[in-house]
Amino acid sequence: MKRIVVIFYALIVCACGNNASQSSEPKMSEKSKILYEKAEKKISDVESRVEQLQKGADAQQIINILADAKKLEYKFDSTGMNRAAIEKCKTLQAKIIEVQEAAVAKAESIILQSKVLVYDREDLLLEKMTEYPVYLEKGDVLYYDVKLQTAAPVKLYNMDARSTVKSYNKSLIKDSLVVAYPGIYLLEIKPQASQYASVRIAYHTDNMDRIYRPKSVRTETVSCSKGDFRAYGIKGIKMQNLFEEPRKFTLRSQLKSAFSGSSIALVPVNIPAGATDILYSMRIATSEQDSYADGDFHRNLSVRYNQIKFLGMPLYERNQGSGLLKTLLDDNHPITEADAYCDLYVFRKQSEAKKFQDGIVKASTLKYDVDYSIVGTQSCNGRIPTNGGSRLYLGFENVRMRYTNYLWVEVVAVVPRTEYYRTTYTIN
């Protein structure tokens with residue numbers, strides 16, 4: 001009997017031992033295992049990147065690691081899990097907090113010893129004035145390193161105070177500034193001629209929020225007066241409307257003009273002082289009904305000019321009609337009718353214009369400007385250089401035998417002038 005009791009007791013102990021062994025092994029479903037392994041891998045990857053962070057690491061790299069650490073998350077469903085599995089999952093959740101805290105601590109340690117890079121370019125071709133704005137707060141330290149092929153004016157401005165902080169005129173500059181007042185600071189380089197340069201700008205800050213959420217600077221070009229702070233002049237134009245309203249003419253046909261009316265018309269154009277060109281628009285139609293666009297030539301040119309002058313195009317270029325004036329005319333064609341056409345003559349001498357007006361001789365025998373006169377033209381616009389004159393004459397002739405044409409003429413003078421602009425800077 002005693003032997004039976006001993007054997008029974010041994011069986012019980014063995015069974016309990018087996019149960020204890022089984023309960024110490026984590027038990028979870030396949031789905032839970034997959035979710036656990038995915039979370040564990042992400043946590044391990046971020047932990048490894050945090051450990052590899054060294055002094056001098058790029059600010060963006062640090063920001064990316066902090067963002068990835070913040071995204072770490074692990075949730076589990078304890079249904080079907082034993083105690084060991086639940087503890088294992090809770091340990092992984094605790095690991096997330098540990099990795100996140102380590103990431104923040106190391107990032108702060110590195111950042112507080114590092115510089116935030118704003119701009120870094122080597123062998124940069126400078127052909128005109130260049131500007132590099134950066135927002136700084138009190139206590140920040142700004143570092144700038146400029147290498148030029150030849151000496152050039154370089155200035156550092158406090159744009160909020162509209163004052164010059166430092167000024168140089170040399171080829172190698174390596175300096176720093178402890179910021180006394182918050183605001184937008186601007187490094188300006190004015191090369192006297194095209195040259196290559198290397199520019200590096202960075203700053204140090206103790207404000208961690210500036211690293212996580214850096215403030216960028218927005219630029220905008222606005223019109224200003226000549227004496228305004230950092231105003232600069234560019235070649236622009238003034239467009240002066242020479243006719244208060246379109247000049248309207250009826251050009252009788254060759255046959256009809258023999259009995260009444262006239263097949264020709266002459267338009268004297270008084271040229272303002274300083275004008276280099278005149279721009280004209282002529283609409284030819286077979287009906288005398290006005291168009292909705294008549295009288296809008298000057299306004300449309302002005303609107304288009306204001307649209308393109310901030311797009312970096314050359315504002316005034318007279319080389320064979322290219323540049324700004326050609327662009328303005330291309331965008332403002334009058335309405336064209338296929339059956340309406342006439343001859344346009346440009347006269348620079350009053351005596352020749354009078355002969356045309358009097359009809360003494362054929363227009364083709366007169367001394368007119370061949371380069372800008374047009375035979376058999378439909379509705380069109382164009383440019384005529386003034387050649388320094390104070391007046392010119394536009395002659396129109398209907399060469400059609402049977403049909404009357406109606407003509408609307410608008411003329412605008414182009415006077416070059418210097419326009420002034422400045423760049424404003426605001427924090428995004």
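These legends go with a few close-up views of a predicted model.

**View 1. A275 and the residues around it.** Start in the loop between β10 (264-270) and β11 (277-285), which is where A275 sits. With a relative accessible area of 9%, A275 is buried. Setting aside neighbours within four places in sequence, A275 is in contact with T386, A413, V414 and V415. Look for N387 as well: 112 residues separate A275 and N387 along the chain, yet their C-alpha atoms are 9.2 Å apart.

View 2. The side chains of E30 and K33 meet here, with 3.8 Å from N to O. Both belong to helix α2 (residues 30-52), and because they are three residues apart, about one helical turn separates them. E30 is exposed, at 55% relative accessibility, while K33 is partly exposed at 36%.

View 3. K355 is partly exposed, with a relative accessible area of 36%, but E352 is buried at 8%. The other joins the side chains of K354 and D358, at 2.7 Å from N to O. This pair is four residues apart in helix α9, so about one helical turn lies between them. D358 is partly exposed, at 40% relative accessibility.

**View 4. A network made of E47, K95 and E98.** Here salt bridges link three residues, E47, K95 and E98, into a network. Across the whole structure, a search finds 20 salt bridges.

Conventions: Residues numbered from 1 in each chain as written. Predicted model: local features only at pLDDT ≥ 70, side-chain atom pairs only at ≥ 80, totals over all residues. Heavy atoms only, no water. Helix = DSSP H or I, 4+ residues; strand = E, 2+ residues; numbered from the N terminus. Buried < 20%, exposed > 50% of the residue type's maximum accessible area, 1.4 Å probe, protein only. Contact = heavy atoms within 4.5 Å. Salt bridge = Lys/Arg side-chain N within 4 Å of Asp/Glu carboxyl O.
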